[in-house]
Amino acid sequence: MTSPAGPGSPTEGASPTTVVVVDDQELVRMGFRLILERAGFDVVGEAGDGVEAVEVVGRLRPDVVLMDIRMPRLDGVEATRRITHLAPPVPRVLVLTTFDLDEYVYEAVRAGAGGFVLKDVTPEDLAHAVRVVARGESMVAPALITRLLERFTARPPSGAPPEQLSSLTERELEVARLVAKGLSNAEIGARLFLSEATVKTYVSRLLTKLQLRDRLQIAVLAFRTGLVQVGED
């Protein structure tokens, strides 16, 4: 749900969300910068390849990195991996992708990306995605969700054995299922008759117990272990 204050507008007295834009095409970077600045975000830097991105992000420490996938010297997947291994506070990475890059999207999830949007995203949807990722939630363009989940469930669960879930309580498993289905904390709370703050606590426990970075990785694990199936209501 869009905030009444607008996609990039902070609450009064707060600093705007800072962003670094990474793309090997200067005109594309300029376009995204213009969109984000008009939405109220503070674009503090740019990078034209993965190597430069890691250096710029490490120096500027933005809240969000808007990351292209295919770039010279170092691609967006490896750049994302290096950025998510920086010392805290770790910036959130929002990946720009296209339909023909499914494998890159899968690898970017494993690298720690917090969200994905298509390169032809509308200005409004881009601003919304940056805001969602900045507050620690996951963002996947609706057009990518089905393809992404089909890719996850087609893979063997060898990287995420079911015993990883054995430490979870039944309530934590319920929360994990709903996170995997894309529900927000407020929606999960309404479904399970819990407060939003309580749901947030459960999500934090899941991340700690499963040693995961964010909600998107909870979803990946849920699908790869069979906790949730594609098409499940």
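Predicted model: local features only at pLDDT ≥ 70, side-chain atom pairs only at ≥ 80, totals over all residues.
**Terms and model.** I take helices (H or I, at least four residues) and strands (E, at least two) as DSSP runs, numbered from the N terminus. My residue numbers start from 1 along each chain as its sequence is written, and my side-chain values use heavy atoms, with hydrogens and water left out.

**Whole chain.** I looked up the secondary structure of the protein chain and found ten helices and six strands. I call a residue buried under 20% relative accessible area, exposed over 50% and partly exposed in between (1.4 Å probe, protein chains only). Of the 233 residues in the protein chain, 48% are buried. For contacts I require heavy atoms within 4.5 Å. Among contacts in the protein chain with a separation of 6 or more, 67% are between residues 24 or more positions apart.

**β1, α1 and β2.** I count two strands as paired if DSSP finds at least two bridges between them. Strands β1 (residues 18-22) and β2 (residues 42-47) run parallel and are joined by five bridges. I traced the chain from β1 through helix α1 (residues 26-38) to β2 and noted a right-handed β-α-β crossover. Right-handed here means that, with the strands pointing away from the viewer, the path from the first strand over the helix to the second runs clockwise. I also looked up the bridge partner of Thr 18, which is Asp 42 in β2.

**Ala 47.** I placed Ala 47 in strand β2. Apart from neighbours within four places in sequence, Ala 47 is in contact with Val 21, Val 22, Asp 23, Arg 29, Glu 52 and Ala 53. Between Ala 47 and Val 20 I read a C-alpha to C-alpha distance of 7.6 Å, at 27 residues apart in sequence.

**β4 and β5.** I looked at strand β5 (residues 115-118): Gly 115 and Val 117 point one way, Phe 116 and Leu 118 the other way, and all are buried. In a regular strand, side chains alternate between the two faces of the sheet. Four bridges pair β4 with β5 in the parallel sense. Opposite Leu 96 I found Val 117 in β5.

**Glu 107.** I found Glu 107 in helix α4 (residues 102-111). Glu 107 has a relative accessible area of 22%, so I list this residue as partly exposed. Not counting residues up to four places away in sequence, Glu 107 touches Val 77 and Arg 81. The C-alpha atoms of Glu 107 and Arg 81 are separated by 9.5 Å, and the two residues are 26 residues apart along the chain.

**α7 and its partners.** In helix α7 (residues 170-180) I noted Glu 172, Leu 173, Val 175, Ala 176, Leu 178, Val 179 and Ala 180 as the buried residues. They pack against α8 (185-192), α9 (196-210) and α10 (215-224). Just after α7, Gly 182 has a positive phi of about 90°.

I then checked the packing of α7 and α9, and read an angle of about 95° with the axes 10 Å apart. Axes are lines fitted to C-alpha atoms, for helices over the stretch in contact, and angles run from 0 to 180 degrees between N-to-C directions.

From α7, Arg 171, Glu 172, Val 175, Ala 176 and Val 179 meet Tyr 202, Val 203, Arg 205, Leu 206 and Lys 209 in α9. By class, I list six nonpolar, no polar and four charged residues in this contact. I count Ala, Val, Leu, Ile, Met, Phe, Trp, Tyr, Cys and Pro as nonpolar, Asp, Glu, Lys and Arg as charged, and the others, Gly among them, as polar.

**Backbone exceptions.** Most residues other than glycine have a negative phi, and most peptide bonds are trans. I looked up Phe 193, a residue other than glycine, and found a positive phi near 60°. Phe 193 lies in the loop between α8 and α9 and is exposed, at a relative accessible area of 77%. Gln 211, also a residue other than glycine, has a positive phi near 55°. I placed Gln 211 in the loop between α9 and α10, and with 72% relative accessibility Gln 211 counts as exposed. Last, I noted a cis peptide bond joining Pro 88 and Pro 89, with omega about 0°. Pro 89 is in the loop between α3 (76-83) and β4 (92-97).
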